[in-house]
Amino acid sequence: RREELTSWVKTNLNPLILRIELDQSSTLLFTDGSQKKDAEAPQKVSAGAAWLVRVNDRVRQGRFEREQATPYDAEMAALTRGLKEAVRNLPENVASIHVFADNQAALAAVLAAWKWPGQVTSTVRGWLEKLPDHQVHL
């Protein structure tokens, strides 16, 4: 199974990321969230989240940890913050944001939230509505 994954990454994922990196009209967003249990207090659970945005040769990244949060909460937070960072100060020629995340439910929830008011969602929605060719790819 591990060999299959390694082969898939080499033949599919790596070439896809390279194509996106070389496309000056695209940017990359990678996000992840995970759960952390305290060995001394098993009932105490926290979650961490991280994002990395690459626009041409510039990279912005961030991470944080929250107590009393689930991995899903962390995934949602990473996606929301990552998307907000992705659209911040984008060059005019960038029309596509390619999101790489491992939680489809969190992605769907973040996209569905764009219909509702909110600072983060309005930032991303504003960028999407600015021009008809602006897109987010999952």
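Select helix 2, residues 71-87, in this predicted model. Helix 2 lies across strand 1, strand 2, strand 3, strand 4 (96-100) and strand 5, and runs at about 25° to strand 2. Contact here means heavy atoms within 4.5 Å. Helices (H or I, at least four residues) and strands (E, at least two) are DSSP runs, numbered from the N terminus. Axes are lines fitted to C-alpha atoms, for helices over the stretch in contact, with angles from 0 to 180 degrees between N-to-C directions.

Next, show the open sheet of 5 strands, whose order is 3-2-1-4-5 with mixed pairing. Two strands pair if DSSP finds at least two bridges between them. Strand 3 (58-67) and strand 5 (135-137) stand at the edges with a single partner strand each, so one side of each has no neighbour in the sheet. On average, neighbouring strands are turned by 20° against each other, direction ignored.

Now select strand 1 (residues 26-37) and strand 2 (residues 45-55), which run antiparallel and are joined by 11 bridges. Gly 33 has Ala 49 in strand 2 as its bridge partner, and Lys 36 has Ser 46.

Ala 50 has Arg 63 in strand 3 as its bridge partner. End at the hairpin of these two strands, where 2 residues lie between the strands and Asn 56 takes a positive phi near 55°.

Residues are numbered from 1 along each chain as its sequence is written. Local features need pLDDT of at least 70, side-chain atom pairs count only at pLDDT 80 or more, and totals for chains, interfaces and linings use all residues, while side-chain values use heavy atoms, leaving out hydrogens and water.
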